Amino acid sequence: YDREEHTLRELRIFLRDMCKKLASNKLFFMFTKPVDTEEVPDYPTIIKQPMDLETMMTKVDFHRYECAKDFLNDIELICQNALEYNPARTSADKQIRHRACSLRDYAYTLIKTEMDTDFEEKCQEISKKR
Ligand SMILES: Cc1noc(C)c1-c1cc(NS(=O)(=O)c2ccccc2)cc(C(=O)O)c1
């Protein structure tokens, strides 16, 4: 196996562990699956690019992430969607916005602390060439 494939395989193992850690935190329960359009019928009229942690795990398996930055872009999407769909001053909306921001900060911090900087740089170099 050439070196680049080995690097990307290592990235996928790391990102699956990230997904698992984020999805296992009860605080982030509502981000673990796509928003159910039966439960929330107007969701697709407001949120054009839904994202969730189960979809992200599938994207890892389909080799859709070539660096941690691409993975964090989807975490950002989960967070932005929650802020956009739940803008009210009610405690329910405030709670989901707070949890969305916690998910984003927790994901960035996990990657920053657990991922080698030059490993990410190597992934981004590979990603640029493809
Ligand atoms: C996410 C999201 N974005 O807008 C809203 C609104 C939510 C959201 C959606 C749901 N119900 S759901 O059937 O779509 C679902 C259940 C379990 C996991 C994932 C989604 C529940 C909650 C909640 O706070 O409990 C929040």
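Q: Starting with Lys21, is that residue buried, partly exposed or exposed?
A: Lys21 counts as partly exposed, at 26% relative accessibility; the classes are buried under 20% relative accessible area, exposed over 50% and partly exposed in between, with a 1.4 Å probe and protein chains only. Please keep in mind that this is a predicted model, in which local features need pLDDT of at least 70 and side-chain atom pairs count only at pLDDT 80 or more, while totals for chains, interfaces and linings use all residues. Residues are numbered from 1 along each chain as its sequence is written, and side-chain values use heavy atoms, with hydrogens and water left out.

Q: Which residue does Lys21 form a salt bridge with at 3.0 Å?
A: That partner is Asp17, with the closest N and O atoms 3.0 Å apart; a salt bridge here is a side-chain nitrogen of Lys or Arg within 4 Å of a carboxyl oxygen of Asp or Glu. Asp17 is partly exposed as well, at 28% relative accessibility.

Q: Why can side chains like these pair?
A: In general, side chains of opposite charge can pair when their charged atoms come close. Here Lys21 and Asp17 are four residues apart in helix α1 (residues 3-23), so about one helical turn separates them. Helices are DSSP runs of H or I with at least four residues, strands are runs of E with at least two, and both are numbered from the N terminus.

Q: And what does Glu114 form a salt bridge with?
A: Glu114 forms a salt bridge with Lys21, and the closest N and O atoms of this pair are 3.1 Å apart. Because Glu114 lies in helix α5 (residues 91-114) and Lys21 in helix α1, the pair ties together parts that are 93 residues apart in sequence. Glu114 itself is partly exposed, with a relative accessible area of 41%.

Q: How many salt bridges turn up in the whole structure?
A: A search of the whole structure finds 10 salt bridges. One of them joins Glu125 and Lys128, whose closest N and O atoms are 2.9 Å apart.

Q: Where do Glu125 and Lys128 lie?
A: Both lie in helix α6 (residues 117-129), where they are three residues apart, about one turn of the helix. Glu125 is partly exposed at 45% relative accessibility, whereas Lys128 is exposed, with a relative accessible area of 60%. Elsewhere, salt bridges that share partners join Glu4, Glu5, Lys129 and Arg130 into one network.

Q: Switching to the ligand, which residues are around it?
A: The residues around the ligand are Phe29, Met30, Lys33, Pro34, Val35, Asp36, Glu39, Tyr43, Tyr85, Asn86 and Ile96, where a residue is near a molecule if one of its heavy atoms lies within 4 Å of it. An oxygen atom of the ligand is 2.8 Å from a polar backbone atom of Asp36, and a ligand oxygen is 3.3 Å from an N or O atom in the side chain of Asn86.

Q: How much of the ligand does the protein bury?
A: Taken alone the ligand exposes 550 Å², and the protein buries 74% of that; accessible areas come from the Shrake-Rupley method with a 1.4 Å probe.

Q: Back to Glu39, is it buried or exposed?
A: Glu39 is exposed, with a relative accessible area of 66%, and lies in the loop between α1 and α2 (43-46). Glu39 and Ile96 are 57 residues apart in sequence and 16 Å apart in space, C-alpha to C-alpha.

Q: What about the phi of His63?
A: Phi of His63 is near 60°, a positive value in a residue other than glycine. His63 lies in the loop between α3 (53-61) and α4 (68-85), and is partly exposed with a relative accessible area of 45%.

Q: And where is Lys112 found?
A: Lys112 is found in helix α5 and counts as exposed, at 69% relative accessibility. Between Lys112 and Ala68 there are 44 residues of separation in sequence and 9.8 Å in space, C-alpha to C-alpha.

Q: Last one: how many helices and strands does the protein chain have?
A: The protein chain has six helices and zero strands, and the C-alpha trace spans about 50 × 25 × 25 Å along its principal axes. Of the 130 residues of the protein chain, 38% count as buried.

Technical notes: Polar contact = N/O pair within 3.5 Å; in protein donor to acceptor, adjacent residues only side chain to side chain.
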